Number of protein chains: 2
Amino acid sequence: MTVAGRWVDDGNVALLTDLYELTMIDAYLAEGLEEEAVFSLFVRRLPRRRNYLVACGLDDVLSLLEGLRFTPEALDYLRSLRLFSPRLLDWLAAFRFAGDVHAVPEGTPVFGGEPLLEVVAPLPHAQLVETALMNQVHVQTVAASKAARIVTAAAGRTVVDFGVRRMPGADAGIKVARAAYVAGIDSTSNLLAGLLHGMPVAGTMAHSFVQVHATQLEAFRAFARIYPRTILLVDTYDTLGGVRDVVALSRELGPAFQVRGVRLDSGDLLELSREARRVLDEAGLPHVAIFASGGLDEDVIARLVREGAPIAAFGVGTAMGVSEDAPSLDMAYKLVSYAGRGRIKLSTGKALLPGRKQVFRRERDGRAEGDVIAVHDEALPGRPLLSVVMRGGTRVAPPTRLDAVRAYARAERDLLPPRIRVLEPADPAYPVEVSATLAAWRDAVAAELLRR
Amino acid sequence: MTVAGRWVDDGNVALLTDLYELTMIDAYLAEGLEEEAVFSLFVRRLPRRRNYLVACGLDDVLSLLEGLRFTPEALDYLRSLRLFSPRLLDWLAAFRFAGDVHAVPEGTPVFGGEPLLEVVAPLPHAQLVETALMNQVHVQTVAASKAARIVTAAAGRTVVDFGVRRMPGADAGIKVARAAYVAGIDSTSNLLAGLLHGMPVAGTMAHSFVQVHATQLEAFRAFARIYPRTILLVDTYDTLGGVRDVVALSRELGPAFQVRGVRLDSGDLLELSREARRVLDEAGLPHVAIFASGGLDEDVIARLVREGAPIAAFGVGTAMGVSEDAPSLDMAYKLVSYAGRGRIKLSTGKALLPGRKQVFRRERDGRAEGDVIAVHDEALPGRPLLSVVMRGGTRVAPPTRLDAVRAYARAERDLLPPRIRVLEPADPAYPVEVSATLAAWRDAVAAELLRR
């Protein structure tokens, strides 16, 4: 059971779960509580600086559910804890997820209280997968929702993900890049995301490259020799001096000069981008674009765009990678039905809506007007957002191509009212109602609980 | 190149890197720039709410460096990008990390500007590993530093990590749990962390367990039958009603009642813990402890402790898992020496100290008084914190046992002045100086750069 060399564990992801899931299943099996349960995964309320969320992570959820197995090593470990019955260990050894999943497609804008997905499965199955499902949907929805704001702020300019070095671990490094691409960024510097998801990859150069050369001009010359259409990093010593070195290189190379841009990574980006633009234009290099990076988030980008900074592309790292202003969501995965009966809880501030649900999005003239959360089989005006994506443990369709997910996300975001798509808190917020039928059901279940 | 089923990728972690690392290496090889480089990994400045950081992640760094290989699949992918020379691809195919690493032990308190580790290797080797090293050290240092605050706030009471469901991905789920344990928490609910790191695991029960039973008392009875020494979750419907059901169960079971505690997961935890304590004490159950969870962070815990809430243990999830108040650090991995000459950059706000370094921690009467960052071979008063941990690509010692790392972290934290170990911003901050020799070297390198 060595850790060394097991950089990212793979085979035992079934153990990416909370201990209590297994103790509860042990008790369920002892009591014969194996009837159908419905669990709903949703975000209770949006963070202050989010007018909408972008649902993301479903593809990994389905892969997980299809592949979830307990290895002999995992079972040996569980046995070693001396907590579980032989019945449970046998059940885990034979486990194959056999439930259904109903979900909104990846890239769908969602709001507080709306299910991102619902699992319908024998109770122990649905309970078992809680932790891993949330672990994957949470980070990806956090990231896609943040990236959507950055794409909005960039207002059509290119956005590149530079965040992997400060993203939380290898798995997040890959999945945040994908989520940000779903939300509309253009490419990533992360090669593993490129390999795994076929995302476009991009990059420039680092300060170290400049530092190891005797002069900056020599560094630029060497890099442009191998990568003629590169973007040169100009702020290692003095930003405008760096820009002048790029101009000097263009003089030196003449028609062979094909450098596409300069990157500014520090200082006052508004002022420096204007001066850099002026220096480049005066040197007859209007086609050399300005690329900005270094501590960017949606607020900084929006200000630069508003003030007319001549910046063509933004490299965004940490702020997007950890969703600095809202690193977590109040996301829950809650039992809402068991054995055909709606279930809720009454914990302070954490009330639930019972049963399988549907969300209807009402639209008029190509604009979403509001959502209604309803009982799953109600027929209400509007477009239903949830559909079945897994039956009996098998996907009902192959994974959607990433570019199609991205295009869908873009189209769905464009349907939102303009006041919801901005960075500032929307007033009024997007309207989300509970249908009369669902509200009555909730009240009836609550009244019954209070009578006991 | 399918993603489905590849839940967490393992074999291609060598591609967990930024594209520009490879383009730069391609240029280094073309130019023959393969002399010895020193890169320093450090945090520029501490977040406002951190008086110190707890260095963490070194063990994974060393495992990564020992095992880093480019698979045929990775090389095929890189070839498909049509960016790289055959020289680079051959070099990557044969790559084995051949450098040295000097580092502070995991669990060491560190401050702004101090190296957590330094890599000494042929330039392309040291450049190649930048992204993955930061990706691992960043998240683990963020997590250990946050967890240390939570342990401080709990003031000796038990702290359990409940965070995996909202941690960013599978890798973070495992590594944040480990980092928090290094920083002093007692156990985790995360079984995969338990398997991989031999950490103690713990857990209680979830609301769903209560919800699927006809009554709460029936749920408690069923769970206690299988897990007599369990902790029962009491807030599903009404917290004090839940506590009274626990009392009812104790009457029912008589001497067979062995339940160790009740868990409160919502509401006013101060008020509810007092009332729950009173109900339990009046029922002759003073040994049934109160466990609190639900939105806890160090501030909430400190307030509960200060007001004397009768809570024996805290379950902490999201706030610790994503380090809500400081989810990222201004961490950098920067070239500081090449071919025997100190290198820096002058970018605004991002100045560097040249060369390999040492940090001396001055202590008096068992109390750290301040640090001096010095040139690596200076002999100054105080205890040197960095030592060689890898030579020529091989660890100089087997990994330290996790419990030993945790004990070291505790002892080192106890050496810090009391004003640094509190939650509030320390005034004055912990003193960190640059040695006269290192300052003079930095100034000389800067002057030389400015002369060019």
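**Salt bridges and the contact between the chains**

A salt bridge joins the side chains of D325(A) and K146(A), with N and O 2.8 Å apart. D325(A) sits in the loop between α14 (318–321) and β12 (331–338) of chain A, while K146(A) belongs to helix α6 (residues 130–154) of chain A, so the pair ties together parts that are 179 residues apart in sequence. The model is a predicted one, and over all chains it holds 66 salt bridges.

Six salt bridges are counted between chain A and chain B. One pair across the two chains is E21(A) with R165(B), a salt bridge in which the closest N and O atoms are 3.7 Å apart. The cut-off for such a pair is 4 Å. Helix α1 (residues 19–31) of chain A supplies eleven residues, the largest share of the side of chain A that touches chain B. By class, that side of chain A is made up of 62 nonpolar, 30 polar and 25 charged residues.

The size of an interface is often expressed as the accessible area lost when the parts come together. Here chain A and chain B bury about 9900 Å² between them, and 61% of this area is on carbon and sulfur atoms. In terms of residues, 117 of chain A are in contact with 118 of chain B. Polar contacts between chain A and chain B number 52 residue pairs, counting those with both residues at pLDDT 80 or more.

Next, the relation between the two copies. In general, two copies of a chain are related by a rotation about an axis and a shift along it. The same surface serves both copies, since 100% of the contact residues of chain A recur in chain B.

An unreviewed UniProt entry carries the annotation "domain: Nicotinate/nicotinamide phosphoribosyltransferase" for residues 159–321 of chain A. In the model, the end C-alpha atoms of residues 159–321 of chain A lie 13 Å apart. The span is 48% helix and 13% strand.

Technical notes. Residues are numbered from 1 along each chain as its sequence is written. Chains are lettered from A and ligands numbered from 1 in the order in which they are written. This is a predicted model: local features need pLDDT of at least 70, side-chain atom pairs count only at pLDDT 80 or more; totals for chains, interfaces and linings use all residues. Side-chain values use heavy atoms; hydrogens and water are left out. Contact means heavy atoms within 4.5 Å. Buried area is the accessible area (1.4 Å probe) that two parts lose on being put together, summed over both. A polar contact is a pair of N or O atoms within 3.5 Å; within protein, one must be able to donate a hydrogen and the other to accept it, and residues adjacent in sequence count only if both atoms are side-chain atoms. Helices (H or I, at least four residues) and strands (E, at least two) are DSSP runs, numbered from the N terminus. Ala, Val, Leu, Ile, Met, Phe, Trp, Tyr, Cys and Pro count as nonpolar, Asp, Glu, Lys and Arg as charged, and the others, Gly among them, as polar. UniProt positions are given in the numbering used here, feature names are shortened, and annotations may be inferred rather than shown by experiment.
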